Amino acid sequence: MTKVRFPLLLLALGVCFTAMGESKSEQLLAEADSLYAVQQYQQALSCAHEALPLAKGTEIEADVLNLLAVINIRLSDYDEAAKYAKQCYSLDEKTGDPDVMSSSLNTLAAIYMGANQPKEAEKYVLKGIEMAEKANNPGRMAILQAMASEVYHAQGDDQKALPFIEKAYEIDKQSGNEPRAMVRLAQKASVLIGLHNYQDAEKTLKEVVPFLRQTPDRQSLGIALNKLGMALLSQHREQEAVPYYREAADIFQQLGDPYNEVHARRGLYESLWKENPDEAKFQLDRFNDLKDSIYNNVSADKLAKYNAEFGNDWLQIENHEQRQAKWWAIVAAVIAVILAIAVLLFMRYRHQKQIRINAELSERIKELREKYDILNEQYDNVLATNNHDEGEELNATDNEFLSKTINVINELILTGQIDANHVAERLGLSLFQFRQRLAALTDETPQSFIQTIRMRRACHLLDNHPEMNIAEVAMLCAYNDTPNFTRAFKRTFGITPTQYLEKQQ
């Protein structure tokens, strides 16, 4: 009898402990979900991490994985989000349930949208809509329709985005979900801004913002405030835009949401630079700090890995249950640590080497400036007169603007640091204003205009200073790397600098 009862006792204890584990994991999942709902993302992440090992092999494992993915999206950690979403979809696909599959596909689309890869997000969201239709789930359909609108908006195809967001709004409105319908209106306003319909966007958002202020959804309120600031700024109503951007920045700073805060800081900079340049400078510094912190090379590399795994047959998710023995994972982890250390050492070596190279380049450029007077007034006048179509007459103001722009670009080229933001700042304009005015006069973007000046400078040097070598010409055109200069020259003229010199002989 003892031999029979002992296994039964063990079985009973196992069932008991399993039930306790499931109960604890369900409690933790519910707590994490509640914390997520009130936007306490770090606390929600901690609870979900604690629930995951307890949920392994249970019915709620996929729910925990999905929650971990969406929390990491809110925290802008797209690498971690992709990892959990991948595992979640693997479990959901095995169920064959189109409803849960559509949920996982929506999460995957959101991750790639967060990582600024809308083309990758497109295939997930369209497949998700197909699954939601099969499941006959209008709530999920509204979410996916809104996501599809965001995807096409991010791709610059707002004509395609508009019907998706209108359908999402109608679904939520018919279901009586007024808070969600207001969020859809805010998303529609983004599309209207993309279509340059700023007045309708402003009208829509002024209906949305007061409603959202009465709800606990601070995230959506902040996003709507950012968009309202953008609609006003696009109508050159900078002073009216400031309080909306400021409120949005405070909200996102409190929520720990750098991705959306960076947009608010940029809006504040562009709205304040005329009236309050000191605060505008502060907002610009904050913008740059946030921008640098959002994405890093490690995250980009790992997202590229996920993209490769989903690329050829993106629905065939790796089956974790068919992996080899556990020690392979340990070996892989050790190799990863070794590689990470090697990469860090290599990056440190490259950084130190670059410092030395920059110092040498600075000295060499100084010598070249003294030896060659390449920024003479005649050269600048040639650039100014050649930079618009033949026969097109520019008025004195436009001529002065182009001449000043070219002079600023030439000065910045000699520093080795040249970009559109610096040029706009030196001209006393916002990047948006600089882009608009330059396009009106030249039909070029700031980047292409700067590149034109650099390439014309290169031709001038090659034509008039045959004693200079290609590396010296590259340095005086703000290229610290000769191969990059050669590629840029060939993209512009169809031949390399060497071939150009040969033709001139």
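**Close-ups of a predicted model**

**View 1. Helix 3, end to end.** Helix 3 covers residues 61-74, and at 1.5 Å a residue its 14 residues should span 20 Å, which agrees with the 20 Å between its end C-alpha atoms. (Helices here are DSSP runs of H or I with at least four residues, strands are E runs of at least two, and both are numbered from the N terminus; the expected span is 1.5 Å times one less than the number of residues.) Before going on, note that this is a predicted model, where local features need pLDDT of at least 70, side-chain atom pairs count only at pLDDT 80 or more, and totals for chains, interfaces and linings use all residues. Residues are numbered from 1 along each chain as its sequence is written, and side-chain values use heavy atoms, with hydrogens and water left out.

View 2. Twelve of the 14 residues of helix 3 are buried, so the rest of the structure largely encloses it. (Buried means under 20% relative accessible area, exposed means over 50%, and partly exposed is in between, using a 1.4 Å probe and protein chains only.) Among the buried ones are Glu61, Val64, Leu65, Asn66 and Ile73. After the helix comes Ser76, with a positive phi near 65°.

**View 3. Phe164 and its neighbours.** Look for Phe164 in helix 8, residues 158-174. Phe164 is buried, at 18% relative accessible area. Leaving out residues up to four places away in sequence, Phe164 touches Ile129, Gln145, Ala148, Ser149 and Tyr152 (contact means heavy atoms within 4.5 Å). Gln145 sits 19 residues from Phe164 along the chain, yet their C-alpha atoms are separated by 5.2 Å.

**View 4. A hole inside.** The structure holds one cavity of 30 Å³ or more, and the largest cavity has a volume of about 50 Å³. (On a 1 Å grid over the protein atoms alone, a cavity is a set of points where a 1.4 Å probe fits but cannot get out, and lining residues have an atom within 4 Å of a point; the volume is the space filled by probe spheres set on the points, which are joined across faces, edges and corners.) Its lining is made of Leu233, His236, Glu238, Glu270, Trp273, Ser430, Phe432 and Gln433.

**View 5. Cysteines without partners.** Searching the whole structure turns up zero disulfides (a disulfide is a pair of cysteine sulfur atoms within 2.5 Å). For Cys477, the closest cysteine sulfur is in Cys459, 8.8 Å away and too far for a bond. Cys477 is buried at 0% relative accessible area, and Cys47 counts as buried too, at 9%.

Methods. On a 1 Å grid over the protein atoms alone, a cavity is a set of points where a 1.4 Å probe fits but cannot get out, and a pocket is an open set with protein on both sides within 12 Å along at least five of seven lines; lining residues have an atom within 4 Å of a point.
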